[in-house]
Amino acid sequence: MNDSNIILSSRVRLARNLDGMPFRGVNPAQISPKTMEALRATDSYILYSMAALNPLEQTRLVERHLISKELIDNGGTAIIRSDNKVSVMIGEEDHIREQCILPGPQLKEAYGELKQIDKTLGGAFKFAYDKTYGYLTSCLTNVGTGMRASVMMFLPALSLTGSLSRCISGVTRLNMAVRGVFGEGSKAEGYVYQISNQKTLGITENDIVSSVENVVSHIVESELRAREALMQSNPAGLTDKILRSFGLLSNCYMISKSEFMDLIAFVKLGIYYNILDCSDYAALEDLITEVQPASLCLSQHRRLDEGERDKVRASMCQKLNQIINRVGG
């Protein structure tokens, strides 16, 4: 199992504002048509107006990390590439927020893709830019490059061994932030954390990517050592927890989102330790997205109450029987 069991995805985001326009209160309709025209000349994109989507459709885009909750609150627009790897938010905190998300450890590749998107949009608009400070943004913490590079990491062993707080303390001293699954203010579900840069001023985009990669590399090493220690400390207990987690998920009648996220984390650990064999790891990650509340409701074409969601979630967990087998322990 390579680093993709620890590094789930890599994301780069660029904040941009248009020169000569107020940073707040701009109608997305003033920007969206020209943005769409520029992007369509390079690839296939779909425009999503928050005003035209129902709350479930909006939330599903958040669950898939394609937009932010703030975009919904502001009634903005999202322009999303057909492969769901690139999205451009209009009317969020800034006029334009470009982002690229790729699976696994691909931060440089994500930046490479987004740099081309930024070049395309920079040809269509004149961005607010200062020779001394760089790109000007609504929030001072983004002034400079306007860039956030982040990596989603699965860190169960650091969490379970009690080593995570020390690791986070070290990361913070290096001008990095550690957040939950959906960024600032969110919780870490299923031992998944987001690591990103905090400094954007007086540093280049390449330096940001390199600094995040270096920190992430150290966290990966720490997680691997913690996984070794975790297994050595109580191999029978850990193996039992992994197999019980798989058994519960693949045979339950009802299951809450929080319990699912806890149990699936141990299933993923079981795959790492070769106690379980997964024939399609991408399908496993897709399942985690599919069982989120809004995605569940949309799969049933109606709004479900909590109990109904728990039943549908359990039925979807049956997919685990097709992609996972017990091979050791």
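Here is a short chat about a predicted model of one protein chain.

Colleague: Before we start, what are the ground rules for this predicted model?

Modeller: Residues are numbered from 1 along each chain as its sequence is written, and side-chain values use heavy atoms, with hydrogens and water left out. Since you asked about the prediction side, local features need pLDDT of at least 70, side-chain atom pairs count only at pLDDT 80 or more, and totals for chains, interfaces and linings use all residues.

Colleague: OK, how many helices and strands does the protein chain have?

Modeller: Helices here are DSSP runs of H or I with at least four residues, strands are runs of E with at least two, and both are numbered from the N terminus. Counted that way, the protein chain has twelve strands and 13 helices.

Colleague: And what radius of gyration does the protein chain have?

Modeller: The value is taken over C-alpha atoms, and the globule rule is 2.2 Å times the number of residues to the power 0.38. For 329 residues a compact globule would come out near 20 Å, which agrees with the chain's 21 Å.

Colleague: What percentage of the 329 residues is buried?

Modeller: Buried means under 20% relative accessible area, exposed means over 50%, and partly exposed is in between, using a 1.4 Å probe and protein chains only. By that cut-off the buried share of the protein chain is 50%.

Colleague: How much of the contact set with a separation of 6 or more comes from residues 24 or more positions apart?

Modeller: A contact means heavy atoms within 4.5 Å. Within that set, residues 24 or more positions apart account for 70%.

Colleague: How far apart are the centres of the positive and negative side chains?

Modeller: Lys and Arg count as positive, Asp and Glu as negative, while His and the chain ends are not counted. Each charge is placed at NZ of Lys, CZ of Arg, CG of Asp or CD of Glu. There are 36 positive and 37 negative side chains, and the two centres lie apart by 2 Å.

Colleague: Which cysteine has the sulfur nearest to that of C317?

Modeller: A disulfide is a pair of cysteine sulfur atoms within 2.5 Å, and a search of the whole structure finds zero of them. C317 is in no disulfide, and at 4.9 Å the nearest cysteine sulfur is that of C252.

Colleague: Is H95 buried or exposed?

Modeller: H95 sits in the loop between β4 (86–90) and β5 (96–103). Leaving out residues up to four places away in sequence, H95 touches several residues, including L18, F23 and I90. The C-alpha atoms of H95 and L18 are 6.8 Å apart, although the two are 77 residues apart along the chain. With a relative accessible area of 2%, H95 is buried.

Colleague: What is the phi of H65?

Modeller: Most residues other than glycine have a negative phi. H65, in the loop between α2 (55–63) and α3 (69–73), is partly exposed at 25% relative accessibility. H65 is not a glycine, yet its phi is positive, at about 65°.

Colleague: Where is Y191, which also has a positive phi?

Modeller: Phi of Y191 is near 60°. Y191 is buried, with a relative accessible area of 18%. Its place is in the loop between β9 (176–179) and β10 (192–197).

Colleague: Last one: which residues does K311 touch, not counting those up to four places away in sequence?

Modeller: K311 lies in helix α12 (residues 306–316) and is partly exposed, with a relative accessible area of 40%. Beyond its sequence neighbours, K311 touches Y253 and M254.
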